[in-house]
Amino acid sequence: MYYNTNRLDGDELAQAILRNVAQRQIIEAFFKTWPLRKHHVYSLQAALINHGCFMKESSMRRALNELKDEGVIVDTGEA
């Protein structure tokens with residue numbers, strides 16, 4: 001069971017969900033653009049900033065975990 005702790009509802013909640021989907025799509029597109037390369041969350045964040053896209057570390061980790069859970073990317077276990 002999950003609970004919405006951010007107290008968003010209605011339009012605000014819908015917009016937050018769309019933002020999360022967009023962040024996931026941005027990260028997925030990055031990995032598809034540069035396949036077979038390893039990226040740490042900080043190198044990924046720096047690369048996205050260089051392309052004009054800032055994303056919080058927590059948002060990136062959420063998106064990366066979703067992509068990993070779906071089998072789109074692989075966690076190498078390296079630091």
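**View 1. Lys32 and Glu28 pair within helix 1 of the predicted model.** A salt bridge joins Lys32 to Glu28. Their closest N and O atoms are 3.1 Å apart. The two residues sit 4 residues apart in helix 1, about one turn of the helix.

**View 2. Glu66 and Arg24 connect helix 3 to helix 1.** The side chains of Glu66 and Arg24 form a salt bridge, with an N to O distance of 4.0 Å. This pair links distant parts of the chain, 42 residues apart. Glu66 belongs to helix 3 (residues 57-69), Arg24 to helix 1 (residues 10-33). Arg24 is buried, with a relative accessible area of 15%. Glu66 is partly exposed, at 30%.

**View 3. Arg61 and Glu57 pair within helix 3.** Here the side chains of Arg61 and Glu57 meet in a salt bridge, 2.8 Å from N to O. Both residues lie in helix 3, 4 residues apart, about one turn of the helix. Arg61 is partly exposed, with a relative accessible area of 36%. Glu57 is also partly exposed, at 29% relative accessibility.

**View 4. Shared partners build a salt-bridge network.** The structure holds 7 salt bridges.

How values were computed
Residues are numbered from 1 along each chain as its sequence is written. This is a predicted model: local features need pLDDT of at least 70, side-chain atom pairs count only at pLDDT 80 or more; totals for chains, interfaces and linings use all residues. Side-chain values use heavy atoms; hydrogens and water are left out. Buried means under 20% relative accessible area, exposed over 50%, partly exposed in between (1.4 Å probe, protein chains only).
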